[in-house]
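Please read each point against the structure.

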Amino acid sequence: ALAREAGLHPDLVACFADLGLIEPAGGTRAEPLYPSDTAALLARAARLRHDLGIGYAGAVLACELLARIDDLQERLRRYEPQDQPSSR
């Protein structure tokens, strides 16, 4: 079901799981349950791999770095003043 939602072949999903991109949040070994954003993460990794011509491990690393950048940007937004005066 996860592979279908991400638009990927199940073997590709298994490859990304083996590389540690995704991990189950529950369920059983036979039927793992994944967080709701997992399909989007898998699709992003596949696009990076396809569009940039990088390997599977490179796509996983790129996804991890992009997630870290997103997290840091969100943290920065919390510390920036909300009403900045115009510089003009």
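The points below take the salt bridges in turn.

1. The model is a predicted one, and a search of the whole structure finds 4 salt bridges.

2. One of these joins the side chains of Asp 70 and Arg 44, with an N to O distance of 4.0 Å. Because Asp 70 belongs to helix H4 (residues 56-79) and Arg 44 to helix H3 (residues 38-52), the pair ties together parts that lie 26 residues apart in sequence. Asp 70 has a relative accessibility of 40% and counts as partly exposed, and Arg 44, at 28%, counts as partly exposed.

3. Arg 77 is partly exposed at a relative accessible area of 44%, and Glu 74 is partly exposed at 39%.

4. Salt bridges with shared partners link Arg 68, Asp 71 and Arg 75 into one network. In the bridge between Arg 75 and Asp 71, the closest N and O atoms are 3.4 Å apart, and these two residues, 4 residues apart in helix H4, are separated by about one helical turn. Arg 75 counts as partly exposed, with 41% relative accessibility, while Asp 71 is partly exposed with a relative accessible area of 29%.

Conventions
Residues are numbered from 1 along each chain as its sequence is written. This is a predicted model: local features need pLDDT of at least 70, side-chain atom pairs count only at pLDDT 80 or more; totals for chains, interfaces and linings use all residues. Side-chain values use heavy atoms; hydrogens and water are left out. Buried means under 20% relative accessible area, exposed over 50%, partly exposed in between (1.4 Å probe, protein chains only).
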